[in-house]
Amino acid sequence: MRSFKSLSPPFFPYRKLCYQQASCQQRLKLKNCHIFPEVRGNCRQRVLFWFHSIAGRVPKMTTTAQLFEEPFDADEYIERLAWRTPGGGSKGGAEAFDPKRLLDEFKSHIEELKQLDEKIQRKVEKLEDQCHGEAKDFARKVQDLQRSNQVAFQHFQELDEHISYVATKVCHLGDQLEGVNTPRQRAVEAQRLMTYFNEFLDGDLRSDVFNDPDKIKEAADIIQKLHLIAQELPFDRFADVKAKIASKYHDLERQLIQEFTAAQRRGEIGRMREVAAVLLHFKGYAHCVDVYIKQCQEGAYTRNDVFEDTAALCQRVNKQVAEVFSSPETVMAKLIQNIFENKLQAHVREKLDGTRQSDAEQYLKNLYDLYTRTTALATKLTEFNLGSDKHTFLSKLIKSIFSSYLESYIDMEREYLRNRGAMILQRYYDSKNHQKRAIGSGSIQELKERIRQRTNLPLGPSLDTHGETFLSPELVVNLLQETRHAFERCHRLSDPSDLPKNAYSIFLLLVEHLCVDHIDYALEIGLSAIPSSDAKNANLYFLDVVQQANSIFHLFDKQFNDQLMPLISSSPKLAECLQKKKEVIEQMEVKLDTGIDRTLNCMVGQMKHILATEQKKTDFRPEDENNVMIQYTTACSKVCAYVSRQVEHVRKSMDGKNVDTVLTELGVRFHRLIHEHLQQFSYSSMGGMLAICDVAEYRRCAKNFRVICDKRSMCLL
């Protein structure tokens with residue numbers, strides 16, 4: 001018996017050669033291939049091939065289309081063909097190899113392949129012919145279907161025309177039937193009404209519809225029609241029956257309203273809707289709505305805030321009104337109108353009438369608060385359906401409540417601000433034990449002021465204020481606070497057309513109290529208190545007045561921009577306000593410039609006094625020039641100390657470019673004074689050196705000015 005190993009045929013030279021010349025990847029593929037590649041079919045084929053191999057018989061390779069199924073490998077195909085051919089492989093050694101037989105086998109197999117190709121080509125042509133035939137059949141069927149579709153569409157059009165014709169006939173027939181049935185129904189209704197009318201005419205209401213409480217809806221419909229008919233009858237002949245019908249009409253109307261009220265108390269929305277629908281054709285429908293509105297408000301105002309209660313009431317009632325009444329927007333509008341004309345108006349009168357004459361401040365606060373809350377409530381109420389023009393409707397309601405108060409508002413505001421401002425000012429001056437002086441404006445006073453400004457002559461004694469500036473930040477804050485509240489009230493309470501004019505009138509009061517009665521008065525007092533230039537040890541506090549006036553005017557300007565400008569920005573009053581502000585600034589600047597100029601004169605006068613009293617002629621011509629031990633004179637030391645204090649005072653009192661301007665002017669006068677002063681003396685050699693030391697000290701003092709022109713002027717000394 002042959003061993004199992006002998007069953008595996010050896011590699012023939014062709015396969016060995018391919019294996020040796022193959023790459024690594026190709027070798028791996030050859031190893032993974034079965035030694036018998038043709039046995040890649042199912043198990044049955046593999047078994048048959050194995051038994052044929054054992055028996056020494058290898059079946060001849062049949063040329064079929066299955067051999068070319070994907071994936072097809074030509075090299076593997078040739079190898080299998082050569083292996084199956086006797087003498088074409090390595091079996092029997094090199095002597096058994098027969099190339100001629102292998103060539104014949106290849107030629108024979110090529111012929112079989114050609115025959116197979118012809119067979120397949122004939123089959124393809126047959127299938128193509130069959131496909132063309134089926135395509136023609138399909139196209140013919142499509143054409144038949146199109147013709148059938150056209151015929152069906154024509155039938156559909158004919159059917160549609162026939163249906164339209166029948167529908168027209170039906171509508172015409174319906175109109176004829178309605179024309180016949182409507183008079184018949186009217187006749188039946190008229191006969192029925194005549195029957196009930198006869199009962200009223202006889203005075204005996206025998207029908208159950210008038211005696212059965214459950215049929216009140218039907219009775220209401222009948223009596224409403226009879227009431228309309230009775231109004232067309234002559235009074236002299238049918239006075240009695242008209243009175244009976246009217247009595248029954250009002251009786252049913254009263255019963256329906258009572259039924260509606262009872263249903264409302266029970267919370268029966270469906271019954272309320274039914275009764276409201278019946279009452280819609282009665283004259284008492286409006287009374288039914290009034291009863292509903294009145295009953296809705298019972299127990300609704302339990303808190304002290306009438307505005308919150310009103311908003312909650314309308315929110316609760318809105319949904320119910322939409323379910324009960326056929327025109328809910330009319331009912332809601334009537335409810336809101338009733339609330340405004342009764343509850344809110346009474347509340348407003350209670351709050352305002354009591355304080356209108358006695359407490360103007362509280363009156364204005366209450367008016368602003370009530371008007372603001374009323375407009376806020378109106379904004380909330382716009383969420384409800386109140387008709388097409390609900391904004392105009394609510395505006396008219398607000399105007400009806402506040403019109404009498406808004407007409408006189410601005411007069412009350414101006415009067416209050418005038419009194420309030422005067423009181424604040426008087427209270428401040430009383431706290432200072434100061435009796436306010438009347439600032440003269442006559443020709444003599446103006447002449448004195450001009451002479452004082454031009455010559456600085458002491459026309460009368462200066463006023464001693466003990467260093468008081470008569471400018472109060474607390475007073476200014478109070479005035480600006482009152483004015484801010486006034487602007488807010490003006491914005492809210494003024495008519496849009498009157499808003500710029502009213503805001504301008506408030507601004508004028510602010511100018512009067514703050515700028516004229518306070519700042520301008522303080523400047524006048526400050527000017528009067530400035531001593532003459534030859535005064536000794538004068539207290540120059542006008543710079544403190546300048547500092548406080550500057551700070552106050554900054555606050556005034558801020559309120560002008562923040563509070564007033566938004567109210568007048570788009571009106572002609574803007575130009576008037578800006579012009580008024582410009583005039584105020586110019587008047588203040590004139591007085592500030594005058595005061596600063598006179599203050600600088602006092603500073604120079606004080607320096608003259610120091611130099612006159614401290615500087616001696618022997619300072620620059622010492623008797624013993626060999627024993628001069630000082631660096632600079634006493635007069636120079638005191639003048640420099642005084643100037644340094646005044647420079648710091650100026651820097652604290654002013655800001656911006658004003659500091660440089662004032663210090664420049666002071667430096668020019670300081671330089672002129674020193675220059676004229678030094679020219680009065682005669683100098684020795686040592687005295688000249690001492691004078692040079694004084695000039696050097698003056699130059700160091702001028703450096704504190706931090707102004708370039710002063711440094712240059714001192715360098716010229």
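Student: Are H18 and H19 roughly parallel or roughly antiparallel to each other?

Tutor: This is a predicted model, in which local features need pLDDT of at least 70, side-chain atom pairs count only at pLDDT 80 or more, and totals for chains, interfaces and linings use all residues. Residues are numbered from 1 along each chain as its sequence is written, and side-chain values use heavy atoms, without hydrogens and water. H18 and H19 pack at an angle of about 180°, where angles run from 0 to 180 degrees between N-to-C directions. Angles under 35 degrees count as roughly parallel, 65 to 115 as roughly perpendicular, over 145 as roughly antiparallel and the rest as oblique, and H18 and H19 are therefore roughly antiparallel.

Student: How far apart are the axes of H18 and H19?

Tutor: Helices (H or I, at least four residues) and strands (E, at least two) are DSSP runs, numbered from the N terminus. An axis is a line fitted to C-alpha atoms, for helices over the stretch in contact. For H18 and H19 (residues 542-568), the axes are separated by 11 Å.

Student: How many nonpolar residues are in the contact of H18 with H19?

Tutor: Ala, Val, Leu, Ile, Met, Phe, Trp, Tyr, Cys and Pro count as nonpolar, Asp, Glu, Lys and Arg as charged, and the others, Gly among them, as polar. In the contact of H18 with H19 there are no charged residues and two polar ones, and the number of nonpolar residues is 21.

Student: Which element gives the most to the lining of the second largest cavity?

Tutor: On a 1 Å grid over the protein atoms alone, a cavity is a set of points where a 1.4 Å probe fits but cannot get out, while a pocket is an open set with protein on both sides within 12 Å along at least five of seven lines; lining residues have an atom within 4 Å of a point. The structure holds five cavities of 30 Å³ or more. Helix H15 (409-431), helix H17 (473-493) and helix H18 (499-529) are the elements that give two or more residues to the lining of the second largest cavity. With four residues, the element that gives the most is H18.

Student: What is the volume of the second largest cavity?

Tutor: Its lining holds five nonpolar, three polar and two charged residues, including Arg420, Gly421 and Glu482. Grid points are joined across faces, edges and corners, and a volume is the space filled by probe spheres set on the points. For the second largest cavity, the volume is about 80 Å³.

Student: Is Gly421 buried or exposed?

Tutor: Gly421 is in helix H15, and its C-alpha atom is separated by 9.4 Å from that of Leu475, 54 residues apart along the chain. Relative accessible area under 20% means buried, over 50% exposed and in between partly exposed (1.4 Å probe, protein chains only). Because its relative accessibility is 2%, Gly421 counts as buried.

Student: Which helix gives the most to the lining of the second largest pocket?

Tutor: The second largest pocket holds about 560 Å³ of space and is lined by 20 residues, with Leu406, Leu493, Ser494, Asp495 and Pro496 nearest its centre. Helix H13 (360-381), helix H14 (390-407), H15, H17 and H18 each supply at least two lining residues. The helix that gives the most, with six residues, is H14.

Student: What is the phi of Asn433?

Tutor: Most residues other than glycine have a negative phi. Asn433 lies in the loop between H15 and helix H16 (443-455), and with a relative accessible area of 74% Asn433 is exposed. Although Asn433 is not a glycine, its phi is positive, at about 55°.

Student: What is the relative accessible area of Phe470?

Tutor: Phe470 is in the loop between H16 and H17. Phe470 is not a glycine, yet its phi is positive, at about 60°. Phe470 is buried, and its relative accessible area is 6%.

Student: How far from Cys693 is the nearest cysteine sulfur?

Tutor: A disulfide is a pair of cysteine sulfur atoms within 2.5 Å, and a search of the whole structure finds zero disulfides. Cys693 is in no disulfide; the nearest cysteine sulfur belongs to Cys636, at a distance of 9.2 Å.
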